[in-house]
Amino acid sequence: MSEAPRTANDIGQNHGNTVQAGTVGHISIGGAPDTLPVPRQLPRVVPAFTGRTEHLAALDELLVGRRTIAAVVGAAGIGKTALVVRWAHRVQDRFPDGTLHVDLRGYGPGEPASPSDVLAGFLGALGIYPERVPLQFDDRVAMYRSEVAGKRVLVVLDNAKDVAQVRPLVPGEPGCAVVVTSRADLKGLVVNDGAQRIQLQLFHEHEAVDLVVAVLGRRAQPGAVAELVRACARLPLAIRVAAGRIATHHDLTITELVQELAVEHRRWDALSIRSDENGAVRTVFDWSYRKLPADQQLMFRRLGLHPTPEISAHAAAALFGADLPQVRALLEDLADQHMIEIADRDRYTCHDLLRAYAADLAQEDDDWEQAHRRMIEWYAHHARNAYRMVHPIRMVLHDRFSLVNDGQPKLVFAGRSKPSRGARSSPATRSPPCVRRRATAITWPPCSWGTSPPACWSWSATGTVRGRCVCAASLPPVRSVTGWPSVGCCTASASCTDGSNAGTGRPASSTWR
Ligand SMILES: Nc1ncnc2c1ncn2[C@@H]1O[C@H](COP(=O)(O)OP(=O)(O)OP(=O)(O)O)[C@@H](O)[C@H]1O
Ligand SMILES: [Mg+2]
């Protein structure tokens with residue numbers, strides 16, 4: 001008969017209080033079972049989160065499984081992080097296997113995060129001991145994908161630099177959802193990875209007002225709040241900083257802060273909280289600007305010389321002093337970085353604070369006056385052409401002076417036609433008073449017009465060309481604070497046959513109003 005296996009240990013010798021094991025039959029050695037919590041890495045929701053209803057609803061698309069990636073893009077301080085964190089808190093219980101979050105530092109004072117380091121962090125959060133994290137990048141990607149296979153994990157990749165930084169961090173699993181935020185447009189993620197693109201714009205007026213009221217409570221007087229919101233260009237970051245300053249300085253009123261914002265050299269101080277670099281609007285803009293290549297930086301600075309937010313590619317080409325294709329490419333690049341926005345075909349715009357920032361930078365260039373002059377001459381040239389088309393006879397009387405430059409790049413106006421009803425009420429027909437108002441802000445040193453003194457530009461006309469409004473106007477010189485004569489500039493708007501607008505019936509792109 002064979003001996004039954006022993007299940008107990010024999011007791012060997014016994015010395016005092018010490019018991020020594022004899023033969024050990026079976027023993028298992030191991031630490032306590034893994035009890036790592038499910039990762040929930042989201043930062044806290046911003047206090048007094050306001051508005052963004054339609055964007056929250058757009059993100060909900062991720063929950064129904066039609067898409068697995070969303071790219072929330074937009075300008076600096078527009079509220080991408082605030083939105084995504086808010087949404088992720090609301091829905092993370094639908095992702096029982098965890099919420100991973102990382103600040104990829106794509107735009108900031110330091111170096112962007114390396115995807116390899118982020119993967120090591122994610123693997124740790126998913127319960128992998130550091131010694132098991134592979135050294136090779138590709139192995140880390142493979143292990144990450146294996147770890148989340150069959151799971152439902154929400155991954156929030158905040159502040160991405162570009163698509164290359166994001167792609168290795170996207171799980172292959174359909175049960176996982178990924179939300180990326182970036183100031184860059186991340187087109188590749190949309191085109192190649194099927195990401196849903198959600199672009200954030202400035203707050204609607206009511207959202208901006210709600211945020212000020214939420215921060216300031218009873219100190220928020222309706223009239224003053226509306227002014228503050230306007231002075232902050234409805235940019236969430238600026239509103240938060242400005243309202244925060246008022247909230248913490250009991251002797252500072254909203255009206256006083258609005259006055260500070262109106263003074264150019266005090267604007268950026270008024271929009272900063274000293275102890276917090278994320279709370280200084282200009283610094284946050286700097287992080288975007290410094291990442292641009294030199295030619296895009298120059299284009300952005302040049303845009304600061306334009307007197308109104310919206311500019312055509314043609315006028316920008318005159319400002320930049322280059323041909324249209326090159327300038328269009330630069331403008332597209334700036335739009336991809338959300339330093340400017342596309343307003344319409346071949347037209348671009350940028351909010352008031354970014355424009356003020358560009359204007360500050362523009363003056364640091366030695367040749368800014370030449371660029372400014374090229375732009376004014378370009379407008380004058382096209383305003384004259386438009387005027388000539390509307391009032392060919394009167395033009396003979398006024399056209400005694402030649403303009404110094406030939407108005408490159410050229411707009412070609414298509415011809416004259418009857419006014420349409422819409423054209424009669426278009427903003428350009430109402431523009432002369434507005435032109436006049438802006439004119440006082442434009443100064444020019446005497447003599448820089450060669451033989452054409454500004455006084456010669458006293459045309460003013462409204463009419464229509466091909467059903468579109470045409471207005472050509474310039475003003476007699478007025479004295480500016482510097483003592484230099486100021487010239488008003490021109491608007492010219494018409495259907496035109498230049499390549500971009502031919503046949504579309506769009507207004508020509510020489511309007512400045
Ligand atoms: N919907 C909102 N409700 C309340 N506050 C908001 C909202 N959106 C943004 N903010 C405030 O505006 C500031 C900037 O927002 P946020 O950091 O989300 O911008 P961002 O687009 O992520 O900027 P960046 O490009 O610098 O990362 C934050 O301080 C936040 O408090
Ligand atoms: Mg952010």
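1. Val 155 stands opposite Val 178 in β6, a position within the parallel pairing of β5 and strand β6 (residues 177-182), which runs over five bridges. Strands here, like helices, are DSSP runs numbered from the N terminus (E, at least two residues, for a strand; H or I, at least four residues, for a helix), and two strands pair if DSSP finds at least two bridges between them.

2. On the conventions: this is a predicted model, in which local features need pLDDT of at least 70 and side-chain atom pairs count only at pLDDT 80 or more, while totals for chains, interfaces and linings use all residues. Residues are numbered from 1 along each chain as its sequence is written, chains are lettered from A and ligands numbered from 1 in the order in which they are written, and side-chain values use heavy atoms, with hydrogens and water left out.

3. Strand β5 also pairs with strand β4 (residues 99-103), again in the parallel sense and over five bridges, with Thr 99 opposite Leu 154 in β5. Seven of the seven residues of β5 (residues 154-160) are buried, so the strand is largely enclosed by the rest of the structure; buried means under 20% relative accessible area, exposed over 50% and partly exposed in between, with a 1.4 Å probe and protein chains only.

4. For the protein as a whole, there are 20 helices and 14 strands, and buried residues make up 50% of the 513 residues. Among contacts (heavy atoms within 4.5 Å) with a separation of 6 or more, 70% are between residues 24 or more positions apart. The accessible surface comes to about 24700 Å², 52% of which belongs to carbon and sulfur atoms, areas being taken from the Shrake-Rupley method with a 1.4 Å probe and, for residues, only the protein chains shown counting as cover.

5. Which residues come nearest to ligand 1? Of the 20 residues around it, they are Thr 50, Lys 80, Thr 81, Ala 82 and Arg 183, where a residue is near a molecule or strand if one of its heavy atoms lies within 4 Å of it. A polar backbone atom of Thr 50 is 2.8 Å from a nitrogen atom of the ligand, a polar side-chain atom of Lys 80 lies 2.7 Å from an oxygen atom of ligand 1, and a polar backbone atom of Ala 82 is 2.8 Å from an oxygen atom of ligand 1. Taken alone, ligand 1 exposes 620 Å², and the protein buries 86% of that. The elements giving two or more residues to the shell are α2 (80-91) and α9 (236-248).

6. A separate point concerns an open sheet of three strands, in the order β8-β10-β9 with antiparallel pairing. β8 (311-312) and β9 (341-344) stand at the edges, each with a single partner strand, so one side of each is left without a neighbour in the sheet. β8 and strand β10 (residues 347-349) pair over two bridges, and Ile 311 stands opposite Tyr 348 in β10.

7. Finally, Ser 272 is found in the loop between α11 (267-270) and α12 (281-289) and is buried, with a relative accessible area of 15%. Its side chain reaches the backbone oxygen of Trp 268 at 2.9 Å, and a polar atom of that side chain lies 3.1 Å from the backbone oxygen of Asp 269. Leaving aside residues up to four places away in sequence, Ser 272 touches Val 241, Arg 245, Gly 279 and Ala 280.

Methods:
A polar contact is a pair of N or O atoms within 3.5 Å; within protein, one must be able to donate a hydrogen and the other to accept it, and residues adjacent in sequence count only if both atoms are side-chain atoms.
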